[in-house]
Amino acid sequence: MGRPITMITGQWGDLKSDDLFALMQRIGYDGAELACGTDHFDVQRALNEPDYCEKKHAQLAKYGLSCWAISNHCAGQAVLDVIDSRHQSVLPARIWGDGDPDGVHARAIQEMKDTALAAKKFGVGVVTCFTGSSIWPYLYSFPPVPQSFIDDGFALLAERWTPILDVFAENGIKYALEVHPTEIAFDIHTAAMALEALNNHPAFGFNFDPSHLIWQGIDPVKFIRRFPDRIFHVHMKDAALQLDGENGILGSHLTFGDYRRGWNFRSLGHGSVNFEEIIRALNDIGYQGPLSVEWEDSGMEREFGAKEAYEFVKKVDFAPSTIAFDGAFDASAKA
């Protein structure tokens, strides 16, 4: 049997759980990566309502679905970000509050600690998430960015996230950062820097998503091979490079889906990611967790895309060989 095929529900937050789970059942998905902050999973209800987790599992089971991970990306983003009005649209009102940055940071930190407790109570071992970044605005070094600014950014990562990760570790939950532009770790080097800043915290690892690497010019397979023991979860998502001599990888202030952009997210199999090599690398490191479809394609109807994406993952996933292909020629083995 192949790895479980799941789908993260965040991009379907406009649908009620029953409607989305019924759709996933019709397609054939094995489970859902439940997004917090939606009808799909509520951290505070999980902690404060005695039967919430039991009822949520029963709801999933009604549609033949399981759950291996929950996602709380937006709350995690607010832990480290420079807070501004954009965050109000992605945060629950109880975390946003009056929008005062110190208060938003404090409430987001508590929410992430609570998410670890909710994951334990719900019986899943992984939380996929963002960290945010206080130094993302300094990506391009002009005016010249002193090294102390960058050092301070990674020190702030350690200051704010170590106490959160301690709660994760105490409860046996893995924290899987989705390496992604606008996060403190957005490529291989910054991922290594984040691990170092966090003293290789045992609860800290990665939600591998090749779509965020490929358009930066990063080989996703190299990421897997660089961090084999830190791949805690996998997103299956594609992106297409569309560099035409007029655009670039920075997006040109054009919205996702605009054909003039230098790259766009695409439904699986319609972009530039070599998923066969990714599966081979995941086999090499022994990853047996879910392959979770994160469906984002502005140019495709999403129910069609969700079905096609499931079929793509089912086709591309394969187990490693259990024998050496040339073993039959070994005379000594037959003696």
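At what angle do helix 4 (residues 73-80) and helix 7 (residues 147-170) pack, and how far apart are their axes? In this predicted model, local features need pLDDT of at least 70 and side-chain atom pairs count only at pLDDT 80 or more, whereas totals for chains, interfaces and linings use all residues. Residues are numbered from 1 along each chain as its sequence is written, and side-chain values use heavy atoms, with hydrogens and water left out.

The two helices pack at about 135°, with their axes 9 Å apart, and helix 4 and helix 7 are therefore oblique to each other (angles under 35 degrees count as roughly parallel, over 145 as roughly antiparallel, 65 to 115 as roughly perpendicular and the rest as oblique). Contact (heavy atoms within 4.5 Å) is made by Gly76, Val79 and Leu80 of helix 4 with Leu156, Leu157, Arg160, Trp161 and Ile164 of helix 7.

Trp161 also belongs to a cluster, linked by ring pairs, that includes Tyr175, Phe204, Phe206 and Phe223; rings of Phe, Tyr and Trp (its six-membered ring) pair if their centres lie within 6.5 Å, and planes under 30 degrees apart count as stacked, over 60 as edge-to-face and the rest as tilted. By this rule the count comes to 19 aromatic pairs. Tyr175 and Phe204 are stacked, at 5.8 Å centre to centre and 15° between the planes, and this pair links strand 5 (residues 174-178) to strand 6 (residues 204-208). Tyr175, at 0% relative accessibility, counts as buried (under 20% relative accessible area, with exposed over 50% and partly exposed in between, for a 1.4 Å probe and protein chains only), and Phe204 is buried at 1%.

Definitions and conventions:
Axes are lines fitted to C-alpha atoms, for helices over the stretch in contact, and angles run from 0 to 180 degrees between N-to-C directions. Helices (H or I, at least four residues) and strands (E, at least two) are DSSP runs, numbered from the N terminus.
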